[in-house]
Amino acid sequence: MTQTLVVIGNGMVGHRLVEILRDSSWRIVVFGEEARPAYDRVALSSYVDTWSSAELELPPLTGCELRLGEKAVSVDRERRVVVGASGIEVTYDALVLATGSVPFVPPVPGRDLPGCHVYRTIDDLDDIRATVKAADRPGRHSGMVLGGGLLGLEAANALRGMGVSPHVVELAPRLMPIQVDEGGAGLLKRLVEKLDLTVHTGTSASSIERDGSRLIAKLANGLELDLDVVVFSAGIRPRTDLDLGLELGPRGGYLVDAACRTADPRVYAIGECAAVEGVTYGLVAPGYSMAEVVADQLSGGAKVFPGADLSTKLKLLGVDVASFGDAHATTEGALEVVVNNAVAGTYSKLVVSDDAKTLLGGVLVGDASSYLSLRPLVGKEVPAALLQPGGAVDVEMPADAQVCSCHAVTKQTITDAIQSGVACDVAELKACTKAGTGCGSCVPMLKKLLTDCGVEQSKALCEHFTYSRAELFEIVRATRITTFTALVEKHGTGRGCDICKPAVASILASLNNGHILGEAQVSLQDTNDRFLANLQRNGTYSVVPRIPGGEITPEKLIVIGEVARDFGLYTKITGGQRIDLFGATVDQLPQIWRRLVDAGFESGHAYGKALRTVKSCVGTTWCRYGVQDSVGLAIELELRYRGLRSPHKLKSAVSGCARECAEARGKDFGVIATENGWNLYVGGNGGFTPRHADLLVSDVDTETLIKVIDRFLMFYIRTADRLQRTSAWLEGLDGGLDHLREVVVDDKLGICDDLEAAMAAHVDDYADEWRGVLEDPEKLARFTSFVNAPGTPDPTISFRAERGQRVPVQLGIPEVVR
Amino acid sequence: MTVVCDFEVLRPEQGVAALLPDGTQVAVFLTADGSLHALDNIDPFSGAAVLSRGIVGDRGGVPVVVSPVYKQAFELATGKCLDEPEVSVAVHGVRVRDGVVELT
């Protein structure tokens, strides 16, 4: 008979357990107190970027009965029944408690006043936002976060995202006292104070009082803070308010053994509510590991909790912080090697054994790039070079070292997958080993292991060039070569092909070499570019005039209708807010363009690896909810980047508010209006592998926005592979989004002036490609059906009617000579 | 014999389409080394009369035209499809006489 497993709690750990047991024989019932499905609480502070809870959602659970908004109110262990708030009773064969934790709120007088919040759930953030919105202080709002640990700094970051200047109050003498030592914390404080945070350490709040619309907090050191909002983020406590009559651990939490089992053999506890052999854990990785233990036990296995690696690496307020092993040098006789570079803003401390032979732990602040190679060396022999000033950190990792700590994947597992040929790239490694699918911080290490194992896909463009597209771009830019023939003679072999010719044509066009159908370029173009229209299955083409931002006058709409009617074209509205006219023959194209150009239209570049369209919602002009003029910006962007040739097509959109009606996050670059300006997202994609775009900059004004887009697009154009969309480019970019931000926002490489100048040259150089053909008899002459019978229609093309329009008669595939 | 066009109309590494009196369409190519090739214009994989609009180049040194529809390469000299060797298109005779390109 099917046995029933009841899971109480639908947080990250409970969710993981159900995911693992999804295909098991257990019938699974989940009680979740929150009405929303499980979400990524680790990424909670990013909710402030979008205010969309969907962004944080974990993959939906299947194969279980998910009772959301149903709090488990009691458990009768004798009858083996869980009772929900609605009165529902579910009988279990096994019960897993995954109730998580509750925020610890210190007993400060006034802590229950309106305007005081905790920081734990999406609802908490919504409440904090409501308090901030209601505050009537002119200029920036003022807030206080009680707690200067990891969570406190996260909360401070969330407040900053809401336009609040936070005071951070920490009882310990330094920030992040658990993970970071005094030297590291000193640097951390300096770095975060540059970001509009005020840090008060070694003190606490002694009272909070309401004064009109303000809150006044008195600190133990005598300071008084005038505030709009207070957030308690001073740690968590295991949540055990559901009383099963089971023993608790010394610091709370349901006491369980190494198999995560309570004294009742049918009842388990996992995650933050569990005290495994008396010890509680406040990180998600040990929780996942407990979920795996219980899943194994329930499947008849004998796995036990292996203990937890409490190492952490994170980016707090843009500052890298990492701590691993014995970070505080508590081991007897431990020695510390400290490099504190106040000028560069980096701090590193390695802790080694008394004989300086074994690495015990360390702390990194400001630059944690060496964390991935150092952490696996804990407990192992420390390479002598590491202890020299400026010692190299590129050290060989032992085979049993854990590369992915979220899923406990060792280097051995990964190299096995690579060497057996199961995985040839990061995506395949993720699929077959799960490494890199948690927090993702080990992805650069996965890439390195692929390279170390000799997996390096040839970057050669095709048989005619050994260079990658990016390298060819630099060659063409540096040598100012303007013809394919010169390029292939000097830097390639043979005559070229359908891969390198269009790629080089695109590079030449990106570098502003005149009309793409110029004498030297025309033979390089793929048919769409060669005829400035889109080839369809029967050999005819479709025509898409530019309609910037999707805004069009009735007069222009009528012209499109008249042209379609007069040439018998099938019309369809595209997904990019414009109109596609299908069924034009080669000789009709210039006639159609003539009519459109005369009416004020121009090419929409639907045929090119170029900017397509900038979609928009109606924005403030009409919409009751809009906060910025999205149509105006969309038109400005579309007119700025029209005709820009790139490694692949570019799509964009502008939404006038966070409701995101223009679907900007599915675009290569998407803009979403905020009350203070614009958020820019990059690397989005629909299509075969959908990807939401990542936030690059937030709350910027229009001038800054355009500057960053200019740089982003030019950087992409120069460095991407052939036919690589921005999403794949960004995924493959070493250092990912952070690196992109360093290059195009912080100008770390010092190339931004050059990128901006290149875009300015494009904008100056732009000319309508259709008009360029109409004004040039030589180009025009190429638009004939037959060179020996101009004007004679192609006899293979015929049409039939469907729903009142002309559509192609399917071509018979000719009898092929075999 | 069908007249295609003046030789000077052709451009290296490009094709043009010509119509025969019987309705057959022929794609005529001039390659970079100055040689002329003529193939049936109809792409056998799509049925569309478009081979003259394909990109001309070489594959492993063999001069080819690549169909703009599904990108199969056809050898200019033989009409053989290099991606699916059992498929080919007909080859036509082509020459230049007194500066005029003719199909024979």
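A:Asn10 lies in the loop between strand S1 (4-8) and helix H1 (12-21) of chain A. Helices (H or I, at least four residues) and strands (E, at least two) are DSSP runs, numbered from the N terminus. The model is predicted: local features need pLDDT of at least 70, side-chain atom pairs count only at pLDDT 80 or more, and totals for chains, interfaces and linings use all residues. Residues are numbered from 1 along each chain as its sequence is written, chains are lettered from A and ligands numbered from 1 in the order in which they are written, and side-chain values use heavy atoms, with hydrogens and water left out.

A:Asn10 counts as buried at 13% relative accessibility. Buried means under 20% relative accessible area, exposed over 50%, and partly exposed in between (1.4 Å probe, protein chains only). Contact means heavy atoms within 4.5 Å. Not counting residues up to four places away in sequence, A:Asn10 touches A:Val30, A:Phe31, A:Gly32, A:Arg36, A:Pro37, A:Ala38, A:Leu61, A:Leu66 and A:Leu68.

Over the whole of chain A, the secondary structure comprises 23 helices and 38 strands. Of the 818 residues in chain A, 51% are buried. Among contacts with a separation of 6 or more, 60% join residues 24 or more positions apart. The accessible surface of chain A is about 35,200 Å², and 50% of this belongs to carbon and sulfur atoms. Accessible areas come from the Shrake-Rupley method with a 1.4 Å probe; for residues, only the protein chains shown count as cover.

Two strand pairs were examined. Two strands pair if DSSP finds at least two bridges between them. Strands S4 (residues 72-76) and S5 (residues 81-84) of chain A are antiparallel and share four bridges. A:Ser74 stands opposite A:Val83 in S5(A). S4(A) and S5(A) form a hairpin with four residues between them. In the turn, A:Arg80 has a positive phi of about 55°. Strands S11 (residues 164-170) and S12 (residues 198-201) of chain A run parallel, joined by four bridges. A:His167 has A:Thr198 as its bridge partner in S12(A). With helix H5 (residues 182-193) of chain A, S11(A) and S12(A) make a right-handed β-α-β unit. Right-handed here means that, with the strands pointing away from the viewer, the path from the first strand over the helix to the second runs clockwise.

A:Ser101 is placed in strand S8 (residues 101-103) of chain A. A:Ser101 is buried, at 8% relative accessible area. Its side chain makes polar contacts with the side chains of A:Arg120 (3.1 Å) and A:Glu272 (2.6 Å). A polar contact is a pair of N or O atoms within 3.5 Å; within protein, one must be able to donate a hydrogen and the other to accept it, and residues adjacent in sequence count only if both atoms are side-chain atoms. Beyond four places in sequence, the contacts of A:Ser101 include A:Ile236, A:Arg237, A:Pro238 and A:Arg239.

In helix H11 (residues 469-479) of chain A, the buried residues are A:Arg469, A:Ala470, A:Leu472, A:Phe473, A:Ile475 and A:Val476. Their cover includes helices H12 (484-491), H13 (500-510) and H18 (702-719) of chain A. Just after H11(A), A:Arg480 takes a positive phi of about 55°.

A search of the whole structure finds zero disulfides (a pair of cysteine sulfur atoms within 2.5 Å). For A:Cys424, the nearest cysteine sulfur is that of A:Cys432, 9.7 Å away. A:Cys424 is partly exposed at 34% relative accessibility. A:Cys453 is also partly exposed, at 24% relative accessible area.
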